[in-house]
Amino acid sequence: MSSEKDGRIPAVAGLLDIARILELPAVAQGEPEVLGGAGRLGNTVRWVHVAEAPELAGLLSGGELVLTTGMAFGATGRGVAEFVDQVRDANAAGIVVELVMSAVNEHRQAIEALRKVAQQNDFPVVLLRRRVRFVEITEVVHRILVSDQLAALERSRMIHEVFTALSLQSATEEGIVGRAAELIGAAVVLEDVAHLVLGSSPGPQEDRGFLARWPERSRRVGYLETTGRGIGEEDWLQTPVGVQGQRWGRLVVPGELANDQDAAMVLERAGQTLSIARLAGRDQRELLHQARAGLLHELRQPHALHAREVLIRAGALGLEESPHYVPVVFRLDDQSAQTPMGVQLRERALLDALNVVVESASSTALAASLQSGRIGMVLGVGAKLLEEPLLERICRNLALGQPGVDWSVGVGRGRRSVTEAAHGLEEAIQVAETVATFESRVRPFYRFADVRLRGLLALMHQDARLKSFAEAELAGILDPLDGPAIELLGLYLKHGGNKSALARTGFLSRPALYARLEKLEDKLGVSLDDAESRTSLHVAMLWRGLGQ
């Protein structure tokens, strides 16, 4: 009789417990009566031991089901308590006692003593009221134990082979979770550390109601660093996913299970497979990012590669040969208290999303990090006429589902070769840097023609002559720095020098505004009514804004 024949899933340690043994024909014919410890009939039985001697110390090692005819009890049952105590203290699974009443009431006192002791102990004690063959019980139980162990080993091997194959096949997270649910026979959920569901499978049931209010319920089940049932309002079996110290999620079985040991084994192997898949995917993406970044760096150098070699290498990295190529740069907005690691994570997330969006647009590109917070891309376009709609589609799809677009997009002139387009990344960088200074962005992407004077100043920003000019124009309010005066000048120029329009914004009362403008003119040493002076000051203020 094996665990597979009776419909049970074998586990590593076997499933044989006292309750199951009492159902065996060899035992059932003895009309077993549970005298004590009924709540512990689920104790796992490791082996069967026949004992009649009163001294059991050293004979038991734990987990045995002790069979006895009660010879050590004595006719009056004086040895019952000592015998039961010794078996219990040896961590045995339980006791089965064969004491059969005869016509002369033989064993009556021993039975009464056994019944009394059993009721006083929370320990499984079973009385057989008819004679049985201990040798038959021993043979059957040991045969089941060996069969279960072999079945457990076979299942462990099968589970290992299943998840090894999934690793070799680069299975998706959903595929791994689905296979785990199938093996366990219950719903399985993969969640991240924020309790968001990354993958799930209902197992044999079709209803996905187990995901209802998932984050709320899952937060009430504490994380464990090992496989087990979490402590919380919902007692779920779980296993952590990710390498030690870098857990990124957990696998959870949100329901009751017939066999925790088997489910735990499946969950652990599934968790290992998910960790390997995530690491392999990350390493593969990292190598691909590095290769693409290396090629873009080479292409931007003065002495570029041969055209044919460029096409071969770019094609190997995912950029298919096209009649038209466009240089594009994504520049992440600066954020307060942003750490270098935070910038890197934002950059990588944007790069991964960009690759997905480009692929969904049925296009190809060579995209990689150019420097911290800046991603460069050479986009392949089927025809020059398709450049504008393709860029709009990519930029708008990239922004979908985002809480807020926190990047600027600069586009250079399209070229016929990959090398020329890569050189155009410098132009795209200047545009993106200029757009980053805008108070608002109404376009999904910008070109030099869109940034106008700001674009020209961005190109010349490091020019010492422009710096000297701007600092001379603003010297009266820069040395020393006069913040209110700079703010007033910026608003005045924004309104085109129209004092009435500025006053109507409620910035200051008209008399106060006129008085402050006169003081500003004195500090600057120019008349703000002069158009040329306003133009010079506007250029100087734009230059200063690009440097902030």
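## A buried arginine and its salt bridges

Arginine 374 is buried, at a relative accessible area of 15% (buried means under 20%, exposed over 50%, partly exposed in between, with a 1.4 Å probe and protein chains only). This is a predicted model, in which local features need pLDDT of at least 70 and side-chain atom pairs count only at pLDDT 80 or more, while totals for chains, interfaces and linings use all residues. Residues are numbered from 1 along each chain as its sequence is written, and side-chain values use heavy atoms, without hydrogens and water.

The side chain of arginine 374 forms a salt bridge with that of glutamate 433 (2.4 Å, N to O); a salt bridge here is a side-chain nitrogen of Lys or Arg within 4 Å of a carboxyl oxygen of Asp or Glu. Arginine 374 belongs to strand β13 (residues 374-381) and glutamate 433 to helix α13 (residues 425-435), so the pair ties together parts 59 residues apart in sequence. Helices (H or I, at least four residues) and strands (E, at least two) are DSSP runs, numbered from the N terminus. Glutamate 433 is partly exposed, at 23%. Through shared partners, salt bridges join Arg331, Asp334, Arg374 and Glu433 into one network. The whole structure has 31 salt bridges.

## The five-stranded sheet

An open sheet of five strands runs in the order β7-β6-β10-β9-β8, with antiparallel pairing; two strands pair if DSSP finds at least two bridges between them. β7 (197-201) and β8 (228-229) are the edge strands, each with a single partner, so one side of each has no neighbour in the sheet. Helix α6 (residues 173-184) packs on the sheet and touches β6 (188-192), β7 and β10, where contact means heavy atoms within 4.5 Å.

β9 (residues 237-241) and β10 (residues 249-253) are joined by five bridges, and β8 and β9 by two. Glutamine 238 has valine 252 as its bridge partner in β10, and glycine 228 has glutamine 238 as its partner in β9. Five of the five residues of β9 are buried, so this strand is largely enclosed by the rest of the structure. Leu237, Thr239 and Val241 point one way from β9, and Gln238 and Pro240 the other.

## The nonpolar core

The largest nonpolar core has 27 residues, of which Phe163, Ile184, Val188, Leu251 and Val253 touch the most other members. Such a core is a set of buried Ala, Val, Leu, Ile, Met, Phe, Trp, Tyr and Cys residues joined through side-chain atoms within 4.5 Å. Helix α8 gives the most to this core, with seven residues.

Methods. Axes are lines fitted to C-alpha atoms, for helices over the stretch in contact, and angles run from 0 to 180 degrees between N-to-C directions.
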